[in-house]
Amino acid sequence: MGLDKMYKNLHNHIVKLLKAGTRLDGRRLEEYRKPITVEYDIIKTAEGSARVKIGETDVMVGVKMEVGTPYPDVPDEGTIIVGAELLPLSNPEFELGPPGIQAIELARVVDRGIRESKAIDFKKLCIEKGKKVWLLLIDICPINDAGNLIEASSLAALAALKSARFPKYDEKAEKIDYKEKTSKKIELTKEPIAVNVIKIDNYLFVDPITEEEKVIDARLSVSSERDGTLCALQKGGDAPLTIDEISKMIDIAVEKGKELRGVL
Amino acid sequence: MGNVIVKNKDIAVPGEILAEGMDNLPGEGTYRDGEKIVAGRLGLVMVDGRAIKLISLSGRYIPKTHDTIIGKVEDITFSGWRIDTNSAYSAMLSMKDATSDYIARGADLTKYYDLGDYVVCEVVNVTSQKLIDVSMKGPGLKKLDGGRVIKVNPNKVPRIIGKQGSMVSMIKDATGCRIVVGQNGLVWIDGDPKGELTVVKTIQKIEEESHTTGLTDRIKEFLENETGKR
Amino acid sequence: MAYKKRLEDRGFEETRPIEAKVGVIPKADGSAYFKIGKTWAYAAVYGPRNLYPRFLQDPQKGILRCNYNMMPFSGSGERVRPGGSRRSKEISLVTEKALLPVLDLNEYPNSVVDVFIELPQTEAGSRCAGICAASMALADAGLAMKDLVSAVSVGRVDDKLVVDLDYSEESYADGTVADIPVAMMPNLGKISLLQMDGEISKEELFKALELAKKACKKIYDVQKNALKNRYGVGQNV
């Protein structure tokens, strides 16, 4: 309740602007910040990497590969492990320490989008059934958080996977030579794109900036594939959503997903 | 003998030699190291007679007595309000300094200023420990209703206000918005959406180009283009 | 055996190529990145700001708090587990000691100036790169600073004194190595960080420190230009 009061002026003003079809930075409700840039393979020490900027939001994602034992119920499958750290470097409100719930949610939403869309055939990550599989370790590191980290991160994760190449692996010696990359890539079969649709009062919009994130009533993160199939959903925020609103939000997310996919 | 190495409006970085010899005096932001006057911060050179000083280009607000600031009520105590000053230090607004009305002991303070309210207040005391008192008794000091508040680089506030308020007046006239500029880097804007956005963009432009010459003319032109008014 | 040739035919007193830019993290009060060879460090400064917990507050002056961290994908081999290590905590400490002498925090009692250093990519010389980035970020944040801090590693690889050891030199196996990270206040000529791994004679050490002095002056010029370029007036070195 106290927090509500601290941002009441901001909330009221944003609603006033939304009524007039605009936002704090003059964008329309369905408009993304510009420019949106994707840089591939920016980190030479990673097996795959990418950097995505949406306006001033700036995120780096790296993919490291390790060989590990498969889960017993899927002995012929490798997997992805997604981690996110809300680095205090990127936002004055982030504190040092182990990942809090916000970081965990970010990592899990990005994970689900990739995993549930089956963008990666985990069976192709198998080296020796029951014994050795490739583990793709995806780490999300924001450089500047000016809002909408979930989208920038999921776009960067996808781009990093696209750019990734397997390191040389000596099966006999069971050693990875990280200094030598092979030309073998991961082969993504799908490109799931996460889009955040925000609800404040009765208005729906996309690509929130920091101030807008402070006063959202509800959020729906939707990951969708090229053909519109949904592969991950996450509702955030305190206010409930009607079925009609959810339907509208999904439509917006799928449409915007197509636009973002084009940037890749 | 003296030898000034830099000139007005140069950007100097910490450690840079600004002048040599004993003729010149180390002004604000500089220090003397033997025969040299050295930059003690990142700043804009200003030669003022024999003194060389550096104007800060960046840096968070440090509260000073007599500053008029825009604060935000962050807590209410039994004797007053704690105000967020957009600095490392919060300020106290006590009941007796809050308004020209008489506030009875035990009154509900939220009826005057509530959590989250923005207020224009004056810094009346800063101790060596940076304990700060503010007052709202005085002309122009009041609660701000509606509008939006943006954060600007506090070092650019003089440029945003302009000589005798000329810059901010120009912006007000062009956009029809009410504007209050706090010395602490908070600016309150109230008008129609398009006007407010023009004010925000204009102020951003002033911030980015504050260290260059010919700014006033460029801002005038910018406003004319944005509002379509000549 | 003598150490004859460095990778990429680098001169013994030459650093790897350097790139620096200021004002790269808009949310921060001051920011910069510093890249030397493949080692890439970002630094963000927040402060002076409120300090919690209260028992850390110093009523006489502000405190400086540095945190050095390697991103999980920044190591030349396996993934680096997040959360810091004893090594990164030690580097955070010596970084703080390296930067403190140039700052005057008397104006900010009870507050903190936070410096966060993150490395997306490392290949030797990371603590020095972090210090170079942090020093620019502190200046960018408008803090009172007597000088910048420039840092580079110097040392001996076999029989040659070198500047800016790369990974192959740090792990050189064909002879003895001394790896000496040095941070200096280039205009005041004082040293604020000095560490050493390996073996070296006192005479060689002082020769190496002379090389460090020269290299730090060059690095200062790069940092100076990066700061000026932020305002469109640098020399675009």
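Because the model is predicted, local features need pLDDT of at least 70 and side-chain atom pairs count only at pLDDT 80 or more, whereas totals for chains, interfaces and linings use all residues. Residues are numbered from 1 along each chain as its sequence is written, and chains are lettered from A and ligands numbered from 1 in the order in which they are written.

Chain B touches both chain A and chain C. In its contact with chain A, 8 residues come from chain B and 11 residues from chain A, two residues being in contact if their C-beta atoms, placed from the backbone, lie within 7 Å. The side of chain B that touches chain A consists of 4 nonpolar, 2 polar and 2 charged residues, where Ala, Val, Leu, Ile, Met, Phe, Trp, Tyr, Cys and Pro count as nonpolar, Asp, Glu, Lys and Arg as charged, and the others, Gly among them, as polar. With chain C, 20 residues of chain B are in contact with 29 residues of chain C, and the side of chain B that touches chain C holds 9 nonpolar, 7 polar and 4 charged residues.

In chain A, strand β3 (residues 57-68) is largely enclosed by the rest of the structure, because 9 of its 12 residues are buried; a residue is buried if 20 or more other C-beta atoms lie within 10 Å of its own, exposed if 12 or fewer, and partly exposed in between, with C-beta atoms placed from the backbone. Helices (H or I, at least four residues) and strands (E, at least two) are DSSP runs, numbered from the N terminus, and two strands pair if DSSP finds at least two bridges between them. Strand β2 (residues 48-54) of chain A pairs with β3(A) in the antiparallel sense over 7 bridges, and A:Arg51 has A:Met60 in β3(A) as its bridge partner. These strands, β2(A) and β3(A), form a hairpin with 2 residues between them, and A:Gly55 in the turn has a positive phi of about 60 degrees. An antiparallel pairing over 11 bridges also joins β3(A) to strand β6 (residues 132-144) of chain A, where A:Asp139 in β6(A) is the bridge partner of A:Gly62.

In chain C, 5 strands form an open sheet of mixed pairing in the order β1-β2-β3-β5-β4, with β1 (18-22) and β4 (63-70) as the edge strands, each pairing on one side only. Strands β4(C) and β5 (residues 111-121) of chain C run parallel and are joined by 8 bridges, and C:Ile63 stands opposite C:Val112 in β5(C). Helix α1 (residues 86-99) of chain C lies across β4 and β5 of chain C, running at about 140 degrees to β4(C); axes are lines fitted to C-alpha atoms, for helices over the stretch in contact, and angles run from 0 to 180 degrees between N-to-C directions.

In chain B, the axes of helix α4 (residues 193-209) and helix α5 (residues 215-227) come within 11 Å and cross at roughly 155 degrees. That angle makes α4(B) roughly antiparallel to α5(B), since angles under 35 degrees count as roughly parallel, over 145 as roughly antiparallel, 65 to 115 as roughly perpendicular and the rest as oblique. The residues of the contact of α4(B) with α5(B) comprise 5 nonpolar, 3 polar and 4 charged.
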